[in-house]
Amino acid sequence: MIRRYRVGWLFTISGAPIQDATVSVEDGRIVAIEENGIWPDAVDLRSWAIMPALVNAHTHLEFSNLEAPLGTEAMPFPQWITEVVRYRQGFGEDLAVERAHAIRNGLQQSASFGVGVVGEIATLPLLEASYDRSQVHVVSMLEVLGLDPERAAERIVQAETHAGYPWSSKLVTPGISPHAPYTVQMEIVDQCAKLSQKHQLPLAMHLGESLEELELLEKGTGPFRVMLENMGLFQAEDFPGGRKVSDYIQHLTSAYRALIVHGNYLAEASYEVLQQFPDKLTVCYCPRTHAYFHHPKHPIEEMLGQGIRVVLGTDSRASSPDLNLWAEVQHVHHTFPDIPAEQLLTMVTRDAAYALGLEERYGTIEPGYQARVAAFAVGSDCPDVLTTMLAGQPRLWDLEAGLDNLDLATA
């Protein structure tokens, strides 16, 4: 059955916005886009603007039941990591069940904010039921921790199993995430990158996130060393000093696709590697998490000016008030008014889909792509549609399923 929708404004992302467009959908995919209203049976959406469903490139859904971020604003980052560890230890005997509930809750929250795809950092134990009946496509990126040499091989086996797991839902695809320089040996990073390439999977790694991370890499000292010593995980050979974030980024160039998550403190050497591998490397900026820790202004403008792909993520409710990706867009728009609004849309659609290896299914509105969209009520005679969208909030629509009166009600 073909469903048709006559849309006031269609932001395809693959081309210029189209005013008064008809979108035809069949079997869950877009089959045609036509200008003007030539189909009398089309659902009238002329007071709406539509763009591709939003793509949240980076989040940790296991924290979705938190009512407020952990710790306090501007607290030292290693101290916040300790809060995360304490929170995880607070789960009961049914850890997997409690985590599954939080993840499902996070997926529902994401969908309510117009998000159709999430790059989710998954931790074990993980139940397949965590992603049951989700409206949102989940790229489940298994977190790999690897400072304990006795467990390193086990971690890689777990990652390999995750990479080949036969998910029952078509809305779940795998990925891998060697966590961060202070939690994983360089050898494990290399093995994760090879696994990414072998299975054509996206990879994500937290890099350049804090000054304490830089001190650990460059000098082998500082709060992260103290934290690891207290956990019994510090080995001098793992942190000999003299290392840079760019060293890790260089190792990730052997991956299929790699997300450098946060990138708050990247030096010119990192930019050079990112520029050399534009088909592989992407930086993911998490604006409100960045603000929570009171980092200096993010270098997003410098990155974009050098042709580096930058996408946006919400991180988690452990460091951000909610999972509203559009609020992250609004934060960037307010903080960096010189970044064109059209470029902001690309960061949470086409470019983010590419970074997650889903560029042939999500991120643009064109024939063959998924019929899930983010819809904005803008009115039938809106003088500045994009400004109205940036001031509003989207909802997630599955055009294949059809729309009811509740969908069409103006928020």
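**Packing around helix H6**

In this predicted model, helix H5 (residues 211-219) and helix H6 (residues 223-230) have axes that come within 7 Å and cross at roughly 80°. Angles of 65 to 115 degrees count as roughly perpendicular, so H5 is roughly perpendicular to H6. On the H5 side, the contact is made by Glu212, Glu213, Glu215 and Leu216, and on the H6 side by Pro223, Phe224, Arg225 and Leu228. By class, the residues of this contact of H5 with H6 are four nonpolar and four charged, with no polar ones.

Helix H6 also packs with helix H1 (residues 77-89): the axes of H1 and H6 come within 9 Å and cross at roughly 30°. Because angles under 35 degrees count as roughly parallel, H1 is roughly parallel to H6. Here Phe77, Pro78, Ile81 and Thr82 of H1 meet Pro223, Phe224 and Met227 of H6. The contact of H1 with H6 has six nonpolar residues, one polar residue and no charged residues.

The model has one cavity of 30 Å³ or more, and the largest cavity holds about 60 Å³ of space. Among the residues that line the largest cavity are Ile30, Pro52, Ala53, Arg361, Tyr362 and Val373. The lining divides into seven nonpolar, three polar and two charged residues.

Terms used. Residues numbered from 1 in each chain as written. Predicted model: local features only at pLDDT ≥ 70, side-chain atom pairs only at ≥ 80, totals over all residues. Heavy atoms only, no water. Axes fitted to C-alpha atoms, helices over the stretch in contact; angles between N-to-C directions. Helix = DSSP H or I, 4+ residues; strand = E, 2+ residues; numbered from the N terminus. Parallel < 35°, antiparallel > 145°, perpendicular 65-115°, else oblique. Contact = heavy atoms within 4.5 Å. Nonpolar A, V, L, I, M, F, W, Y, C, P; charged D, E, K, R; others polar. 1 Å grid on protein atoms, 1.4 Å probe; cavity = no way out; pocket = protein on both sides within 12 Å on 5 of 7 lines; lining within 4 Å. Points joined across faces, edges and corners; volume = space filled by probe spheres on them.
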